[in-house]
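Visitor: I would like to take a close look at a single part of this structure, the place where two of the chains meet. Could you take me through that part slowly, and then turn to the binding site that is recorded?

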Amino acid sequence: MTNTADPDLQRVQHTIHAVREQAPLVHCITATVSMGVVADGLLAAGARPMMTETVIEAPTLTTVADALLINLGTLSTDAVEGIPATVEVAVRQDRPWVLDPTAIGLAPVRTPLARELLNSGPVVVRGNASEVLALADQGTGGRGADSSATTDAAHQAALTVAGQTGGAVAVSGAVDLILDGHRELRLERGTPLLTRVTGTGCLLGALTAACAAVEPDPVQAALAATTWMDLAGETAAARAAGPGSFRMHLLDALDEIGR
Amino acid sequence: MTNTADPDLQRVQHTIHAVREQAPLVHCITATVSMGVVADGLLAAGARPMMTETVIEAPTLTTVADALLINLGTLSTDAVEGIPATVEVAVRQDRPWVLDPTAIGLAPVRTPLARELLNSGPVVVRGNASEVLALADQGTGGRGADSSATTDAAHQAALTVAGQTGGAVAVSGAVDLILDGHRELRLERGTPLLTRVTGTGCLLGALTAACAAVEPDPVQAALAATTWMDLAGETAAARAAGPGSFRMHLLDALDEIGR
Amino acid sequence: MTNTADPDLQRVQHTIHAVREQAPLVHCITATVSMGVVADGLLAAGARPMMTETVIEAPTLTTVADALLINLGTLSTDAVEGIPATVEVAVRQDRPWVLDPTAIGLAPVRTPLARELLNSGPVVVRGNASEVLALADQGTGGRGADSSATTDAAHQAALTVAGQTGGAVAVSGAVDLILDGHRELRLERGTPLLTRVTGTGCLLGALTAACAAVEPDPVQAALAATTWMDLAGETAAARAAGPGSFRMHLLDALDEIGR
């Protein structure tokens, strides 16, 4: 049984401040196409990015990181080889890590890899509805990076995944759903412009890892990152003339929110 | 014999609308350096990008794409291995694909690869004059990504390439030339600022693929993409203070043109 | 013995003009995450970027470049394999090349690679204090891409490295230190916002290579690039509302400075 609770927004504010104060080093193995916006977004939020993915360097470098993001988008050969050993180090060192199963479903390598990684206990799994459905083996995924299902359709799948990891699951969409085995939160914030800039989903995953570095409760970490991104998106949308200026204002707003 | 025709601008407008309505999924294997601007440009135009390049995933993922772009810039080992099998799937499934032979000429892998790929019938080949000359084995290419020849100098080479593919060839430059075996169009639009931002040529190739997904005539698809980009460039140039703000306004303008 | 000299700012101005006039082609093997901003920054400065890193193409392509940047950030497998042969060609052809030992220290591949590359005589080594200390085997490096030491702490290490290469060393930070075996310059310009955008350090390395293509004195080339970047940063900071708009204004300002 899960209970729907009101989001604890004071604690969200506290987490955002803690990221700015502690400037966590977030090791990101992420889609090549989104590396730039993920790194700029983390820096705008006050965190620090690190992006090495080779198996010969990534596991060693992750020993000094405060959190790890594994995002399966584009998935280079370097990343396929580097991810398992890097996650193993994070687990051994008790560092929080976040799984973003970008565009799984049809993809023959990342789909089984994502399911296998659930056994290594990501504190948060963040994806869109299609990706969470595919992760729970209840759907064939979306087309490309976009979801073809609603957040509500992925509710049962999210519970299944949370049951496997023991952590939180965050389903992003027009409605954001965050849950673990005990609690359940829904947010209806943000802006459709977030879907008009590449890598904003990847950045949300990275921001979730930054928040998990300073906030031990996975549901609260996911809530803080999602709220941060949604509010920054709303602020940016009010200032933007289109997707290009929205991207710029989004980075400015990540730096402003909650100050 | 070719005839110079007036561009059919009403049909260009129709193609732009169709991209926005149908939001084609465009699979791009492209230069690493330009992935970000290509993805953001496609999203601004209303299309959807997908960027996987490994041979173990790209051929499978391209089965759900509406069009494919192969751009040979930077050319990672993953891309060298992934491109032939991915093009083969696109051809087998009768999906339009566009070849952008970026920086061929001197490069020992991409130059023969580009010539070999002509046999797989790209609906449009888009390049600058030096690249089209090198493709037709009539020149040694430019230096880096820039052309060292004028559009007119590549006219015969463009005809030769069009004869090989049976599709259209678009030569980009201060003057844009678009032709197939029967028709020939020239545009003199755009702005030199387009050469001051990385990846705008790659983005034009991706936009051409997006247009080819909704417009079966290759010449019209190339014309629509070129016009879209040139007009967006002109709009952005009027608003920009330099290359940084031009890049932002270009993305906004891609979203605005023809609405 | 080294003498602290006043920076020759007229010669800096001359170098900036020469980059704009000659538009040097700068071959960059650099961190994947920073490729976009490095390419856009070089274009804004009036230079031209080229970014191929595979061993099957990079050594050939570097034969037409005017300068080479080797940056060890992220360091893909393609780059690990491509760097030694590419540097060898640059040395053989007497082209200036710049080494940016990003995030060395803990990293098991790039750290010995950086030290080995010192034997190939980079005209300038550019890094933060932690990186220069690690290069001289006097420290364990920073965490991620950030320095955990001050510029002054790296003074002796910089002299050691300069002694090994016979070229210049530029230590970037709140205070910038540029020296060779004979001269020593300090700058205290720029803005902390430069640390809030990914890849600005990588861009400074690339700009140094562009300047080295037109200015034979390594100390002057490093001084010109550092001054250019610092002044552009100050101009951009005065206009920016946050790190997103700062990034855009920085590119505009690189195009403006010294005109």
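Guide: In this predicted model, 12 residue pairs are in polar contact between chain C and chain B, counting pairs in which both residues have a pLDDT of 80 or more. On the side of chain C that touches chain B, helix H2 (35-45), strand S3 (48-50), helix H3 (58-61) and helix H10 (243-256) of chain C each supply at least two residues. The largest share of that side comes from H2(C), which gives 6 residues. Sorted by class, the side of chain C that touches chain B holds 13 nonpolar, 7 polar and 7 charged residues.

Charged side chains also pair up across the two chains, for the count between chain C and chain B is 3 salt bridges. In one salt bridge, the side chains of B:Arg110 and C:Glu57 come together, with 2.7 Å from N to O.

If you now step back to the contact as a whole, you will find that it draws 27 residues from chain C and 25 residues from chain B. Between these two chains an area of about 2,200 Å² is buried, and carbon and sulfur atoms give 56% of it. Within chain C, the residues that lose the most area to chain B are C:Leu43, C:Glu57 and C:Asp252, which together make up 23% of what that side buries.

Let us turn to the recorded site in chain A. An unreviewed UniProt entry places the feature "binding site" at A:Arg126 and A:Ser172. A:Arg126 lies in strand S6 (residues 124-128) of chain A, while A:Ser172 belongs to strand S7 (residues 168-172) of chain A. With a relative accessible area of 7%, A:Arg126 is buried, and A:Ser172, at 17% relative accessibility, counts as buried too because the cut-off is under 20%. The side chains of A:Ser172 and A:Arg126 make a polar contact at 2.7 Å. Leaving aside neighbours within four places in sequence, A:Arg126 is in contact with residues including A:Leu99, A:Asp100 and A:Pro101, whereas the contacts of A:Ser172, counted with that limit, include A:Gly127, A:Asn128 and A:Thr151.

Definitions and conventions. Residues numbered from 1 in each chain as written. Chains lettered and ligands numbered in written order. Predicted model: local features only at pLDDT ≥ 70, side-chain atom pairs only at ≥ 80, totals over all residues. Heavy atoms only, no water. Contact = heavy atoms within 4.5 Å. Buried area = accessible area lost by both parts, 1.4 Å probe. Salt bridge = Lys/Arg side-chain N within 4 Å of Asp/Glu carboxyl O. Polar contact = N/O pair within 3.5 Å; in protein donor to acceptor, adjacent residues only side chain to side chain. Helix = DSSP H or I, 4+ residues; strand = E, 2+ residues; numbered from the N terminus. Nonpolar A, V, L, I, M, F, W, Y, C, P; charged D, E, K, R; others polar. UniProt positions renumbered as here; feature names shortened; annotations may be inferred. Buried < 20%, exposed > 50% of the residue type's maximum accessible area, 1.4 Å probe, protein only.
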